[in-house]
Amino acid sequence: MKMTTPNTYQHLQGKDFLNLTDLTPSDLSLLLELAHDLKKKQKSGELYTPLKGKTLAMIFDKPSTRTRISFEVGIIQLGGAALHLQRDDLQLGRGESVEDTAHVLSRYVDGILIRTFHHELVESLAQAATIPVINGLTDLVHPCQILADFLTIQEKKGDLAGLKLAYLGDGNNVVHSLMHGAAMTGMELTICTPQGYEPLAQIWEEIGELAEQTGAEIQLVHDPYIAVQGADVLYTDVWASMGQEEEKQKRQKDFEGFQVTPTLMALAKEDAIFMHCLPAYRGLEVATEVIDGSQSVVFQQAENRLHAQKALLVALLGKYR
C-alpha cells in the first residue's frame with residue numbers, strides 16, 4: 001500500500017458525507033487506502049492523534065451498537081472527543097427546528113454525526129450547518145457501512161473492480177448504498193429480492209451513468225439460486241429493519257427461500273465470503289452454520305466500521321500527516 005501524502009485529502013476537509021455519491025470514485029479509493037493505513041497504525045500500537053482538540057456531536061434517533069461505539073472510540077483514538085446525544089437530550093425533542101440546532105452546534109463542535117429515519121432531515125441539517133455532517137444511517141442509505149464493507153472485501157479479495165457480490169434480502173438502505181458503491185468501483189452486483197421488495201427506482205437512476213463509466217454491472221433477480229452462482233461475496237441483512245417490526249411476520253413469509261444457507265453458499269465460488277452488516281437473526285436471513293462458519297467475515301466487517309470511519313473523520317475534520 002502506497003503512503004498517502006498530507007495534501008491528498010485537503011479537498012475533503014469541511015465537507016459533508018451524506019451519501020457515497022458525495023465522493024468521487026477516486027475519493028472512495030483514497031479513503032479506503034487511508035483506512036488500511038490507520039488500521040495498521042492502531043494494530044501496531046502507534047499513537048496517532050491528528051484530531052486532538054476536535055469534538056464530534058453524535059445525534060441518535062435510532063438505537064445503535066456499531067455506529068455509536070465505532071465513531072466514539074474512533075475519534076477518541078484520533079485524539080478528539082465525542083458527545084452522545086439523543087433527540088430528547090436536545091431541544092429538537094421539544095420542537096426546535098433542525099436548522100436552529102445546526103446553527104448552534106456549528107458554534108460548539110467540529111462535526112456532527114446523525115443516525116435517524118428521514119434522509120431529508122439529514123439534508124436540512126447539513127444545509128444549515130457550517131461544519132461537516134456525517135450520515136450515520138437513514139431509511140434511504142447507509143454509506144458508512146459500505147466503507148467498512150469495501151475495506152473488508154479488499155482485505156479478503158484485493159481489487160474491487162470485477163468482483164461479483166450477490167445481495168439477498170430486502171431492497172433497503174444498505175443495498176441502496178451497495179448499489180452506489182458498486183457503481184463507483186466497477187463491481188458486479190446482483191441484487192436478489194422477493195417481488196415487491198426491490199430497491200427504489202431513484203437509486204437505479206442515480207447509478208446508471210456512473211456504472212457505465214466504471215464498467216460496473218448491476219442487475220436485479222428474484223431467484224436466490226441464480227443470484228449466488230459464482231459469487232465472490234454473499235451479503236444479506238435483516239428482513240425487517242427498525243421501524244418495520246409490525247411487518248415482521250408478513251416479511252418472514254414473503255422472504256421464504258431467501259435465507260443464506262450452506263446450500264446457497266456452495267453455489268458461490270469455493271473461496272466466497274459471507275457478509276452481514278449486523279445485527280443478525282440466526283435462523284431467519286442466515287443459517288447459523290453460515291454466519292458462524294469459516295467463510296463468514298461478519299466480525300471483521302464490524303471491526304472495520306472503526307477503521308473506515310476513522311479515515312472519514314480524518315479526511316473531513318483534520319489533516320493526515
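1. The model is a predicted one, and the confidence scores should be kept in mind throughout. The chain has an average pLDDT of 94, and 95% of the residues reach at least 70. Residues 1–5 are the stretch to treat with care, for pLDDT stays under 50 there, although the model gives this stretch 11 contacts beyond four places in sequence.

2. The strands β2, β1, β3 and β4 form, in that order, an open sheet of four with parallel pairing. Its edges are β2 (81–86) and β4 (133–137), each of which pairs on one side only, and neighbouring strands are turned against each other by 20 degrees on average, direction ignored. Within the sheet, β1 (residues 55–60) runs parallel to β2 and is joined to that strand by six bridges, with M58 standing opposite H84 of β2.

3. Two helices can be described against this sheet. Helix α2 (residues 66–77) lies across β1, β2, β3 (111–115) and β4, and runs at about 175 degrees to β1. Helix α4 (residues 119–128) has as its buried residues H119, L121, V122, L125, A126 and A128, and the elements that cover these residues include α3 (98–106), β3 and β4. As a general point, an α-helix has 3.6 residues a turn, so residues three or four places apart point the same way.

4. Turning to charged pairs, the structure contains 11 salt bridges. In general, side chains of opposite charge can pair when their charged atoms come close. One of the pairs here joins the side chains of E46 and K41, at 3.4 Å from N to O.

5. Which parts of the chain does the salt bridge between D232 and K269 tie together? The side chains of these residues meet at 3.0 Å, N to O. D232 lies in the loop between α8 (224–227) and β8 (233–236), and K269 in the loop between α10 (262–267) and β9 (273–276), so the pair links parts that are 37 residues apart in sequence. D232 is buried, at 7% relative accessibility, whereas K269, at 38%, is partly exposed.

6. The surroundings of D232 deserve a separate remark. Once neighbours within four places in sequence are left aside, this residue is in contact with K157, L163, K164, K269, A272 and I273.

7. E247 counts as partly exposed at 36% relative accessibility, and R251 as buried, with a relative accessible area of 5%. The pair belongs to a network, in which salt bridges that share partners join D170, E247 and R251.

Key: Residues are numbered from 1 along each chain as its sequence is written. This is a predicted model: local features need pLDDT of at least 70, side-chain atom pairs count only at pLDDT 80 or more; totals for chains, interfaces and linings use all residues. Side-chain values use heavy atoms; hydrogens and water are left out. A salt bridge is a side-chain nitrogen of Lys or Arg within 4 Å of a carboxyl oxygen of Asp or Glu. Buried means under 20% relative accessible area, exposed over 50%, partly exposed in between (1.4 Å probe, protein chains only). Two strands pair if DSSP finds at least two bridges between them. Axes are lines fitted to C-alpha atoms, for helices over the stretch in contact, and angles run from 0 to 180 degrees between N-to-C directions. Contact means heavy atoms within 4.5 Å. pLDDT is the predictor's confidence in each residue, from 0 to 100.
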